[in-house]
Amino acid sequence: MERRSIPRSDKASHVLDLFWEKASFPDMTDLSAQSLDDLDLDEASRPKAPKVPAATDMHRRQGRQLTAIHRHYLMEMAQIGAVLARIEAGDAPPENLKRIVLSLDMSENFRAFGSLCGRECQVLKFHHDIEGADMFPRIQAAGGGMFREVVAKLLAEHEVVHELIIRLDRAADTLIENPSEANFGQAAATYRKLEEVVRSHFGYEETELVEAIGYYLGSI
Ligand SMILES: [Fe+2]
Ligand SMILES: [Fe+2]
């Protein structure tokens, strides 16, 4: 099972890390010029994974470890989304968000949202780094390369997610430094896009890899 403890590296080196990654993988598509709206997973082009005929319910249960990990991240993101909605609601929050207590100082609330986003960027980057470095290569090599197409698509989706992580990380830093309404709006829009993209990517990945993980890897 994936370890959840994230080494909290110093912020500057973390951002450098992201730049290093871009520089080290020149074949990565440069998505930095695309607008937030245009960043897209191209869901219509998603290949289906071939069935693993020998996979049993036990294998599928093992494969659902990935779904459990994803659910956890989505729950964290939903909590951040609730904080965001509470800040946006201002003085008259809906009943279900009243338990989220805000500071009287709005700039403090903006900063708090910024630091939640910055932390989530690290968590998601960590998750995808493990998949890219360990799980994908193993699945790619499994079954005589029968999952190659699916893994290639998942890697292409990781590039979109990474681009959004880089943007949200920067927007969060800017917001913490200068907690203005405009910077809050920028971070909020980037956060919402990242959540939407991550939710879709997780669903595709966990569905297509459920048998491959259980049958070929046993655990992740
Ligand atoms: Fe992934
Ligand atoms: Fe994943």
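Just after helix α6, Gly218 has a positive phi of about 80 degrees. Helices here are DSSP runs of H or I, at least four residues, numbered from the N terminus.

Some ground rules. This is a predicted model; local features need pLDDT of at least 70, side-chain atom pairs need 80 or more, and totals for chains, interfaces and linings use all residues. Residues count from 1 along each chain as its sequence is written, while chains are lettered from A and ligands numbered from 1 in written order.

Confidence next. The chain's average pLDDT, the predictor's per-residue confidence from 0 to 100, is 90, and 88% of residues reach at least 70. Residues 5–9 fall below 50, and that stretch has four contacts beyond near sequence neighbours. A contact means backbone-placed C-beta atoms within 7 Å.

Back to α6, residues 181–217. Where does α6 bend? At Leu209, by about 55 degrees. That is the angle between axes fitted to the seven residues ending there and the seven starting there.

Now Ala78, in α3, residues 65–89. Ala78 counts as exposed because it has 11 C-beta neighbours inside 10 Å; the exposed cut-off is 12 or fewer, buried is 20 or more, and partly exposed lies in between. Its C-alpha sits 8.5 Å from that of Glu195, 117 residues away along the chain.

Last, Phe113. Leaving out residues up to four places away in sequence, Phe113 touches Val83, Leu84, Ile87, Phe184 and Ala187.

Notes
Helices (H or I, at least four residues) and strands (E, at least two) are DSSP runs, numbered from the N terminus. Two residues are in contact if their C-beta atoms, placed from the backbone, lie within 7 Å.
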